[in-house]
Each structure stands twice: as structure tokens, then as C-alpha cells.
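Opening the notebook on this one. I wanted to look up some charge pairs first, then a hairpin.

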Amino acid sequence: MIRTRFAPSPTGYLHIGGARTALFNWLFARHHGGRFVLRIEDTDAARNTAEADAAIVEGLRWLGLDWDEGPDAGGSYGPYRQSERRDIYDKWFEKLREAGRVYEDNGTWRFAFERRAVTVEDLVAGPVTMDYADESNTPDMVVRRRDGSYIFHFVNVVDDLEMNISHVIRGDDHLSNTHKHVQLFEALGAAPPAFAHIPLILNAEGGKMSKRDRGASLDTYHREGFVPDGVVNFLALLGWSPKDDTEVFSRDELARRFSLDGVARHAATFDLAKCRWFSGRHLHQMEPGALAEAAAPHVAAAGVPAPAPDVTERVYSLLREKAQTLSELPPLVALFTQDDLSPDAAALEKASHNPTFADTAAALRGALERIDEQEWGGERIQAAIADVAAALSTKPGKLMFPLRLLATGKTGGPDLLPLLEILGRHRACDRLARMETSLVSQP
């Protein structure tokens, strides 16, 4: 069975590169009907934090990368935190000692490399060889410290062996470690897993993406309201190609099409604007009810009233095409739910530069006020606009922009007639009157 793993260290936030590594492992396992394992490598007690541990788990859950085995999920190969696996490491260390493959050196224990060339047949990078013949370039590796704790290379190999990991998919900054790991696997009497080292992510300047770069932390996307499916779509194409021009994928489609053959050997360049675009494409495809639920925390945090239940889906159906992230929705929702709106600077400027705006505004407001409450709706509003256009000797389309300024105080936004219909006659006419005062009475 295909078994992959994501093995982060809880020493900080979940980096976007780590999230992509997790995604590639998840996609590969799902494509093959295998198992995806989350393993927390928390042996560095001085740097590990509970906050970082929680950030990793929460970040993966936000992305929708569910693990089959790991913390909170259990499994047959636990515990899944290295800090709880000391007895397991002691057992395998004794096996190395009995085989004469480790020796003591000033209180530490070193693993004795075989002095020969080691070739890794990497599934992405191809064959990569490192020659261990020269001990001055490849000194024997410490595997156990003076305090009895074990280093990353040893516990990493033991865990992959114990957990029957079939494929190790990780960043190519680990490629130089892999030859050491192969020697450890062999010394422990086990065949190494298949290795696939994926390209690094570069920032816009062409350097390795660091923690200081904008967009490096996965938490940024959560806070700013990116759609998780959009972020997953973006990350999947950051170093992998479906080998056609398709860009927008559901996660199920990604899992069906993902293969290591499509992973590039060259580094991928991060583009936050492109990630935002993917978020928007997935937001546009959301069902109105699901979008309302996803947007609710952002709307509440902005202090904007939620739409009434009977119009919620209509409101979000109108707003789907107007935003790329969930955090962009609150001011749009406010157009339907807040009655104390004020015109923005762009609206004030447009009104002030239109010498006929005052007359047009008065005519539009008057026409809509004359509509009976029982007749209020898109068709009747459209007919009233046509009457005003005829009276002013202009086309109805020419009146839509002035009406938008009156109805929203903005120069853009959702479709205007459905907005007015949802507001209802009383609220719509009251808003027109207040906006007219604000727009016409400006100096």
C-alpha cells in the first residue's frame, strides 16, 4: 500500500512550502488509494512550542488535508509525536550497536558510514550519487547526543521504517541528507522508501522564500479570507503541471490527476496575486449557502449585520462574482444590511463633476417613491427608470450609474435592480433620499 507522511517540526508557523509538501503527499496518497500520515517531529525540546504544534494541525485542517493516521486520529503505528517514541528509538539504536555500526566519540555516538558511493534514484531529480570514500568530506554522523537524545536523521529513518512509509516526498533541500538515510536504512536491515524531492519555492526576487516574505505563513491566508480550495489549487500548480492548459481544479480532480511525473525539477516562483486569483475562481463557484457560512465570521468581525435568512442566498448569489477573498465581502454585504451608509470619495467626485446629477437624482428618487409597495420589484423599478429616461430625453442605461450612486454611495458593486428589490421599497427610497442629500449638498 502507498503510505506517505508529512513530518513537520513545531518550531513556528506552518510555512507555505511545508503546506505544499503536505499537499503533494496527500494528493499522492489519495490518487493511489493509500494512507496519509501526520507525524510531529518534536524532538527539539528547546525550540518546540504548543502554539506551533496547534498551528500545524489547524493549518492542515483549514486546507482540508485530512490525515488517516496521526495526532487525534490514531493508527497502528503510533505514537505519532517523536517525543513519545523514545523506547522505539532505543530499541533500534541497540540494533545498530549490536551490528557494530555505531561507536562512542567523546560522549556522543556516531554512525559509521560504509565508504562507498551511494546512489539515490529520486523520482523527481533522477539518479543522484554521493561518494563516501573520502572521510574528510563525509565524516561519520552523530546519531545520539551526550544527553542521550537522538538527532533528526536517525529518528526520521526509524519512524519511516516503523510506519511502513512507502514514499518520502519532501523539499529538495533535504536531498543532500537522503544518502545518509539510505545508509541508515540498510544498516537497520530495511529497504529504503522511494524518494521524491520537490523543487523549492522562490520569492518574487528569485531567492528562497523565507519566513519574512509576504505570504510565507499559511495563517496569512486564513486570516485574510482566502478560500481554502483556491489555496490548494494554487499550491498544487506551484511545481506540478497537469500537462495541459487546465488551471482551475477541485481537490478531487487534483487527486485524480496528480502524479510525480508532473513535478518539475526547477524551482517554482511564488505569486501572491495569482493565489488571490485562484481564491476568487473558487469563491465564484461556491454555492450561495456555503459562501454565506464561510463568510459569516468575516462579516461578524467587521461589525456588519448579516442578511436576513430569507434573502441570504439571494444576496450571496449576487456577491459571488464581486470578490476574490472572503474578507472582501463584508462591505458588499453592508450594501444590503446597513442603512447608515455614506457615499465614498469616488462617488462624491463623480456626482460633483456631473452638472445634471441633482436633477437626475431628484427625478429617479421621485419615480421610485411613486411605486406602490405591493408592486415593488425589478420589472416595476425598470419601468420607472424608463419613464424618467423618456422625460429627460435620454436612454435608460444612462441612468443606471447615477442610480447606483444614490442606492449604494459607490461607483461599483452588485447588480443594481436585484439589490433594490431585496432592500424593499421603504429602505431603498429612504437610502436614495439620504444619499441624494449627501451627494447634492457637497460644496
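**Salt bridges and a hairpin**

I started at Asp339, which is partly exposed, with a relative accessible area of 35% (buried is under 20%, exposed over 50%, partly exposed in between; 1.4 Å probe, protein chains only). This is a predicted model, so I kept in mind that local features need pLDDT of at least 70 and side-chain atom pairs pLDDT 80 or more, while totals for chains, interfaces and linings use all residues. Residues are numbered from 1 along each chain as its sequence is written, and side-chain values use heavy atoms, without hydrogens and water.

I found Asp339 in a salt bridge with Arg427, closest N and O atoms 3.0 Å apart (a salt bridge is a side-chain nitrogen of Lys or Arg within 4 Å of a carboxyl oxygen of Asp or Glu). Arg427 sits in helix α18 and Asp339 in the loop between α12 and α13, 88 residues apart (helices are DSSP runs of H or I, at least four residues, and strands runs of E, at least two, numbered from the N terminus). Arg427 is partly exposed too, at 25%.

Next I checked Asp219 and Arg223, which meet in a salt bridge at 2.7 Å, N to O. Both lie in helix α6, four residues apart, about one turn.

Six bridges join β5 to antiparallel β6 (strands pair if DSSP finds at least two bridges between them). I noted Gly126 as the bridge partner of Asp122, and three residues between the strands of this hairpin.
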